[in-house]
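Trainee: Could you take me closely through one part of this model, the salt bridges and the interface they belong to?

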Amino acid sequence: MFNFVVKYWGFLKFVPGLPHLFDAWLKLWTLITNPKLLDWIDDIEKEVLKRDNTTATTHKFGGLQFNHENKELGHIHSNGLLDMLLNRELKQQLIQQNSRVKDHHSLKNTGWLSFYMETHGDKEFVLELFEMAYKVQMDKTNNKRNIL
Amino acid sequence: MLKAITLAENKGFILSNLFALLIIGLTRFLEPESGILIFSEFVIVPFAMGVISIWCWRKLELKSKTLAAYSCVNVFIAAAMSAIFLREGFICLIIVSPLLMVFTMMGAFAGRAMFKKNNQTLNVSVFVMLFGIFIFDSLSVHHFENKVADTITINAPPAEVWKYVVAYKRIETPGKYWLFRIGMPSPVQSTAEGYYLGAKRKCIFSNGYVFDEKIVTYNENKDLTFDITNQPRDPEIMGHIDILRGQFLLKDNGNGTTTLTGNSWYRLYVFPVWYYDIWAESVTRNVHLRVMEHIKELSEAK
């Protein structure tokens with residue numbers, strides 16, 4: 001359903017409130033079909049926020065967004081879809097290692113990847129991904145500081 | 001008893017539903033004759049219910065799953081109150097529930113984020129904005145009419161089909177549409193006092209509802225148009241939609257078959273239309289198809 005809506009109705013994401021309405025609908029659907037997923041998202045939030053200078057906000061297109069020093073690390077939609085920004089090289093490695101790691105559902109050929117959380121084991125994998133994203137962000141920040 | 005009411009969980013349910021009851025009651029009191037249920041009553045009120053409930057639950061640190069489930073419980077309570085105080089029917093409540101659940105959930109999660117920030121200016125601004133939208137919406141004109149058209153091909157000439165378009169004997173087969181299966185009335189028979197312009201026609205539904213109609217266009221073997229002159233007022237969906245006009249158009253395909261088009265015009269009394277019109281179209285379409293498939297069966301019978 002998510003892919004169908006993104007493919008055919010994706011242009012509506014710019015209407016204020018609509019992506020959040022859709023995300024609330026996803027949450028209701030998740031509550032019915034896989035309620036534990038909502039707990040895993042809570043657990044991930046708790047773990048990620050343990051790191052310094054990380055915050056959680058509402059993503060502009062619905063979902064929970066994690067930031068490090070106001071830069072987005074990634075976001076999780078309420079159907080368990082994680083979208084994360086790494087870099088192209090790291091993304092390719094991950095895609096080769098795990099067939100469930102995909103190109104971002106709309107931002108192809110970028111450092112963005114997508115991963116659907118389905119099981120409890122996926123929660124641990126998502127935390128590993130956030131660890132990577134955090135390191136990528138830290139490296140970027142350090143490089144910038146070195147240049148300056 | 002008092003202890004139960006003051007429990008934070010229960011307080012979230014009670015206060016938010018009391019708020020909804022108060023607002024809906026107030027709009028009914030101020031505009032008792034309109035019968036229109038506006039956008040705000042299905043969007044702003046449940047959103048505010050979500051915010052109010054999470055305000056009561058803010059110290060409980062509820063997990064997302066629990067908060068989502070509590071929001072659904074809140075809607076069940078609101079639905080039960082609507083059945084009691086507004087005399088809404090079961091089918092209506094099934095139709096409205098997904099909308100209420102999503103907006104109550106949105107309100108609860110938005111409220112959680114809002115109260116975490118603990119910014120009083122933001123909190124007050126949100127309530128003022130919601131109140132502003134409610135007032136603006138309440139003072140706006142609400143009028144929405146639409147038409148639904150459906151077509152089927154019948155393996156019989158128009159003259160044969162025409163006999164059953166004006167009036168048809170009772171449909172004995174149960175409705176296939178899921179809402180008909182769970183109790184929504186479906187059309188079962190149509191009678192006419194004659195085959196002429198101005199004749200009175202009746203469309204009878206499965207629960208005994210009768211729609212009184214008057215033939216306003218009688219173009220034999222081509223066009224039968226009728227206005228609905230009287231329709232039942234019922235707690236179920238019938239109170240929220242008026243069927244204004246119906247029409248059957250017959251087109252001779254020149255090969256012994258007829259294309260039958262069923263058109264219905266209706267007016268909605270519930271808003272937002274982007275939600276309710278999906279249901280209205282679906283129900284109207286299934287009413288059409290039930291009648292038109294019956295006409296097809298009768299026309300094609302040897």
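**Salt bridges and the chain interface**

Mentor: By the rule applied to this predicted model, the count comes to 17 salt bridges over all chains. One of them is formed by the side chains of A:Asp39 and B:Lys65, at 3.0 Å from N to O, and this pair joins two chains, because A:Asp39 lies in helix 3 (residues 36-48) of chain A and B:Lys65 in helix 5 of chain B. A:Asp39 is buried, with a relative accessible area of 14%, whereas B:Lys65, at 26%, counts as partly exposed.

Across the interface of chain B and chain A the rule finds 3 salt bridges, including the one in which B:Lys63 meets A:Asp43 at 3.2 Å, N to O. On the side of chain B that touches chain A, the elements giving two or more residues are helix 5 (64-85) and helix 6 (90-117) of chain B, and helix 6 gives the most, with 9 residues. The residues of that side divide into 11 nonpolar, 1 polar and 4 charged. The area buried between the two chains is about 1,300 Å², and carbon and sulfur atoms give 73% of this area. A:Asp43 and B:Lys63 are also linked with A:Lys123 in a network of salt bridges.

Within chain B, the side chains of B:Arg245 and B:Asp227 meet in a salt bridge at 2.6 Å, N to O, and this pair links distant parts of the chain, with B:Arg245 in strand 6 (residues 241-252) and B:Asp227 in strand 5 (residues 223-230), 18 residues apart. B:Arg245 is partly exposed at 32% relative accessible area, and B:Asp227 is partly exposed at 24%.

Terms used. Residues numbered from 1 in each chain as written. Chains lettered and ligands numbered in written order. Predicted model: local features only at pLDDT ≥ 70, side-chain atom pairs only at ≥ 80, totals over all residues. Heavy atoms only, no water. Buried area = accessible area lost by both parts, 1.4 Å probe. Salt bridge = Lys/Arg side-chain N within 4 Å of Asp/Glu carboxyl O. Helix = DSSP H or I, 4+ residues; strand = E, 2+ residues; numbered from the N terminus. Nonpolar A, V, L, I, M, F, W, Y, C, P; charged D, E, K, R; others polar. Buried < 20%, exposed > 50% of the residue type's maximum accessible area, 1.4 Å probe, protein only.
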